Amino acid sequence: MKNLFVKIGQLAFLGFWIGNPAIAATAKVTLSVVGDDGQPVSDYPVNAGFYAGDKYQGLTDTNGLFTMEGRAVHWEVNWTLQKEAYYRSQVQYEFKGGIKDDKWQPWNPVVTAVVRRVVNPIPMFMKRVEAKIPVENAPFAFDLQSGDWVAPYGSGFVSDLIFQVTRRVTSPNDYEGTLHLTFTNAFDGIQQTEGMIMDSAFPFPRLAAAAGYEAEYIYSHGNDPIKGYFGALVDDPKKYYLIRVRSVLDIEGKLKEALYGMLAGDIELTGVASADSVRIAFMYYLNPTPNDRNMEFDPKRNLFTDLPVGEQVREP
């Protein structure tokens, strides 16, 4: 069974290098839509198009496939996948083989898209933090449930994340800043997530890991007058992390309970070379229920109810 699609038409685009119809060529590509379990998903709505070229709408076939062929004046292809009870997915592909015999290469590649069901989104503490650090060269802590620095720098009580920032500034072109993150309790920690589904509006694992947390995290960046810029801001793709805090041990010293959460991206430092105070930025999600490792959050039910717009979390 062929996939059902409707050709919308060709989009006029200005600019010779990506939009001149004189350099247009035929392109063909197949999207394979699968679920979290890797099985094909049929009858899934697709909106797609060759950038500055033909556009299509339709449904995947019984094998979860959606094939389109048309004229394209640019090497980029985009798909938007959206359906009730699923998270939105946006997929992109580039024809990197150029044009040969009036065809974009490779010819008819198969691109896989994972669509994820909405299963059990729950309320969480969710917040974007972007603020001046309260002190340099000494520890300061952040309370994830109060969303503030721990006293005496804020209204927080529990030291979930303990930071220490140091920096060296010789000149605007010769500097380095380092952030050291540690935790309060045994079994607290952080680990980089694996298997992220970055095309999905919900890219995180559904469950936080039960083990594998590290007791510290170090972030640094700077500039060397000879070697140039170095550090974490160069990293690509973006990193995501799981965290475990407020761990409680039983009488045998084993983990009894803890809270689990996520960090969307690195904990970043900015303004390292400036005369003003260094700033820290991170975005987090914290499940408030002890021992519940569910990471599927509901952005409409943030447990912080009065955040300014710049601190609100809607999607990662």
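Visitor: Where is asparagine 291 found?
Guide: Asparagine 291 is in the loop between β22 (279–286) and β23 (297–302). Strands here are DSSP runs of E of at least two residues, helices are runs of H or I of at least four, and both are numbered from the N terminus.

Visitor: What kind of model is this?
Guide: This is a predicted model, where local features need pLDDT of at least 70, side-chain atom pairs count only at pLDDT 80 or more, and totals for chains, interfaces and linings use all residues. Residues are numbered from 1 along each chain as its sequence is written, and side-chain values use heavy atoms, with hydrogens and water left out.

Visitor: Back to asparagine 291. What is its phi?
Guide: Asparagine 291 has a positive phi of about 70°, although it is not a glycine. Most residues other than glycine have a negative phi.

Visitor: Is asparagine 291 buried or partly exposed?
Guide: Asparagine 291 counts as partly exposed because its relative accessible area is 43%. The cut-offs are under 20% for buried, over 50% for exposed and in between for partly exposed, with a 1.4 Å probe and protein chains only.

Visitor: Which other residue has a positive phi without being a glycine?
Guide: Arginine 246 does, with phi at about 55°. Arginine 246 sits in strand β19 (residues 241–249).

Visitor: New topic. Which residues does a cis peptide bond with omega of about 0° join?
Guide: That bond joins glutamine 105 and proline 106. Proline 106 is in the loop between β9 (103–104) and β10. The bond from alanine 151 to proline 152 is also cis, with omega near 15°. Proline 152 lies in the loop between β13 (148–149) and β14 (161–171). Most peptide bonds are trans.

Visitor: What about aspartate 266? Where is it?
Guide: Aspartate 266 is in the loop between β20 (255–263) and β21 (268–270). Aspartate 266 is buried, yet has no salt bridge. A salt bridge needs a side-chain nitrogen of Lys or Arg within 4 Å of a carboxyl oxygen of Asp or Glu.

Visitor: Which side chain makes a polar contact with that of aspartate 266?
Guide: The side chain of tyrosine 241, at 2.6 Å. A polar contact is a pair of N or O atoms within 3.5 Å; within protein, one must be able to donate a hydrogen and the other to accept it, and residues adjacent in sequence count only if both atoms are side-chain atoms.

Visitor: And threonine 30: where is it, and is it buried or exposed?
Guide: Threonine 30 is in strand β2 (residues 25–34). Threonine 30 is buried because its relative accessible area is 5%. A polar contact of 2.8 Å joins its side chain to that of asparagine 108.

Visitor: What else does threonine 30 contact?
Guide: Leaving aside neighbours within four places in sequence, its contacts include Leu65, Phe66, Pro109 and Val110. Contact means heavy atoms within 4.5 Å.

Visitor: What does asparagine 120 touch?
Guide: Asparagine 120 touches Asn294 and Glu296, not counting residues up to four places away in sequence. Asparagine 120 and aspartate 298 are 178 residues apart in sequence, but 8.6 Å apart in space, C-alpha to C-alpha.

Visitor: Now the whole chain. How many helices and strands are there?
Guide: The chain has one helix and 23 strands. Of its 316 residues, 42% count as buried. The C-alpha atoms fill a box of roughly 65 × 50 × 35 Å, taken along the principal axes.

Key:
Lys and Arg count as positive and Asp and Glu as negative; His and the chain ends are not counted.
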